[in-house]
Amino acid sequence: ESLIEEDSEAMLLLNLMYAPRRSRLHKVAKCLSRIENMSHMIAWTKMNHPAVSRALQSAGIPGGGDPWQQWGCPPISLVELPRLKLSFTERMDHSGEIRMYSIDHNDLFISNKRSEMITCMLAGIPHSLLLCNMRGEEHLLVPAVSPTRPKVTSMPFSTFLVLDRSDEKWAEELSSKYFMYPIHVSTSFLLTKGLSSALYLMLLRFLHRNYGEVFRMADSIATDHALSSEDLVIFNAFNYANDDWHPDAHACRLKISLCMLDSGEEFPWDLTNEAARHILKLGRVSSNCRLSSEEELQLLESKCIVLDESHEDYDPKLHDLYYCTIVNNRLHALRSLLGAENTEGLDHLEVSCCSPPRSVSTNWPYYQDNTMLGEKYASMIEVKQEQGEASWEAVLAGFDG
């Protein structure tokens, strides 16, 4: 008691791990565990609070039992999340309801009230907190942690995310520990502030296979400047979704490439292979993920596309001449289509095309394979005379192979 009187700002550390179920402290810990590991949460209560003082005094009485069961959950004066540089405090609003307010964003408090539209909009962002103010304005707080989508053999189209909060390289490069996304008044989409937040949200949408939203957001990351180290780390993380060969996924990668073409950055995928796969699956691309003919032509005419072996970026280990030929023929088709003055009522169009070179390892189709008839080419010999030492009888008699 004397210690409490001497220091009015003395704080008592609360144990979040063993908070009683259905207690306010347990609910706070469960809610904040969506954005941070419990090992990196620190909860405090002020020791000069009357409820805390009574509980501490009763704790010294023999046989007094658990003081918190008798006096209830202590007030939560402060919850610190050091890695995210976030803090929350318990405060009563104008209606008398106790809420967890953000100290960094003074007018925002944690809200668990979600409409059906907001629930649908937050799909694929499990590590998020919904914040609201008294005016009804809503924001989404999303920690900037490294997301990966593990391969699940039994669920090939899984959208399950694993959040790697221990990725030191990721944490060092990102100066922003979290992103704040204002929710539009229509509660139908999130607003982004800056290139980093847009890239990170689009990455989460891509990993959740929400291709229509990725395609729509691609224009928000268009830039003609080199990316910062923070932006580049997030942009390179798109290779986590390179195992996704859905037709719409190829279209989204091409759209992102088109928007980032003037930045000079290297893409986290091979643009030629992506273009070829997109062309092969063009008939199955959704209507909300389709590139216009002008956009596709602009992309195929870029220097990043490898059309043949003479290209400076051609790599025989990476590029297939069949894919290169498909892209080249599509390029000629788009040029002819867009170059025609009037295509209305046009029943045919002349397009110059090429075919991939045939393999020169054999003289096909003049090659005759008789192995199915029992011939063994390794033991075949040439008979030069009908009689004599070189006749087939003499050779056969002396042949031991």
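Colleague: Which residue forms a salt bridge with Arg277, and how far apart are the closest N and O atoms?

Modeller: This is a predicted model, and the values that follow are computed from it. Arg277 and Glu274 both lie in helix H11, 3 residues apart, or about one turn of the helix. In an α-helix with 3.6 residues a turn, residues three or four places apart point the same way. The partner of Arg277 is Glu274, and the closest N and O atoms are 3.7 Å apart.

Colleague: Is Glu274 buried or exposed?

Modeller: A residue counts as buried under 20% relative accessible area. Glu274 has a relative accessibility of 4%, so Glu274 is buried.

Colleague: Which helices are tied together by the salt bridge between Lys255 and Glu295?

Modeller: The closest N and O atoms of Lys255 and Glu295 are 2.9 Å apart. Lys255 is buried, with a relative accessible area of 5%, whereas Glu295 is partly exposed at 22%.

Colleague: Why do the buried residues of H12 lie on the same side of the helix?

Modeller: Helix H12 covers residues 293-300, and its buried residues include Glu296, Leu297, Leu299 and Leu300. These residues lie on the same side of H12 because the arc they cover around the axis is only 160 degrees.

Colleague: Against which helices do the buried residues of H12 pack?

Modeller: The residues in question are Glu296, Leu297, Leu299 and Leu300. They pack against helix H10 (247-259), helix H11 (271-280) and H13.

Colleague: Where in the chain are Glu36 and Arg83, which meet in a salt bridge?

Modeller: The side chains of Glu36 and Arg83 come to 2.7 Å, N to O. Glu36 is buried at 2% relative accessibility, while Arg83 is partly exposed at 29%. They are 47 residues apart: Glu36 is in the loop between helix H2 (24-32) and strand S2 (42-46), and Arg83 is in the loop between strand S3 (78-81) and strand S4 (86-92).

Colleague: How many salt bridges does a search of the whole structure find?

Modeller: Salt bridges also link Asp93, Glu97 and Arg99 in a network. The search of the whole structure finds 15.

Colleague: What is the geometry of the aromatic pair formed by Phe206 and Phe238?

Modeller: Both Phe206 and Phe238 are buried. Their ring centres are 6.2 Å apart, with 75 degrees between the planes. Planes over 60 degrees apart count as edge-to-face, and the Phe206 and Phe238 pair is accordingly edge-to-face.

Colleague: Why is the pair of Phe179 and Tyr181 classed as tilted?

Modeller: Phe179 is buried at 6% relative accessibility, and Tyr181 is buried at 0%. Their ring centres are 6.3 Å apart. Planes between the stacked limit of 30 degrees and the edge-to-face limit of 60 degrees count as tilted. The planes of this pair stand at 50 degrees, so the pair is tilted.

Colleague: Which residues make the nonpolar surface patch that includes Leu349?

Modeller: Leu349 is in the loop between helix H13 (321-339) and helix H14 (392-398). With 36% relative accessibility, Leu349 counts as partly exposed. The patch, of about 280 Å², is made by Leu337, Leu338, Leu349 and Val351.

Notes. Residues numbered from 1 in each chain as written. Predicted model: local features only at pLDDT ≥ 70, side-chain atom pairs only at ≥ 80, totals over all residues. Heavy atoms only, no water. Patch = residues over 30% accessible without salt bridge, like charges linked within 9 Å, V, L, I, M, F, W, Y side chains within 5 Å. Areas by Shrake-Rupley, 256 points an atom, 1.4 Å probe, with all protein chains shown as cover. Salt bridge = Lys/Arg side-chain N within 4 Å of Asp/Glu carboxyl O. Helix = DSSP H or I, 4+ residues; strand = E, 2+ residues; numbered from the N terminus. Buried < 20%, exposed > 50% of the residue type's maximum accessible area, 1.4 Å probe, protein only. Arc of directions from axis to C-beta. Contact = heavy atoms within 4.5 Å. Phe/Tyr/Trp six-rings, centres within 6.5 Å; stacked < 30°, edge-to-face > 60°.
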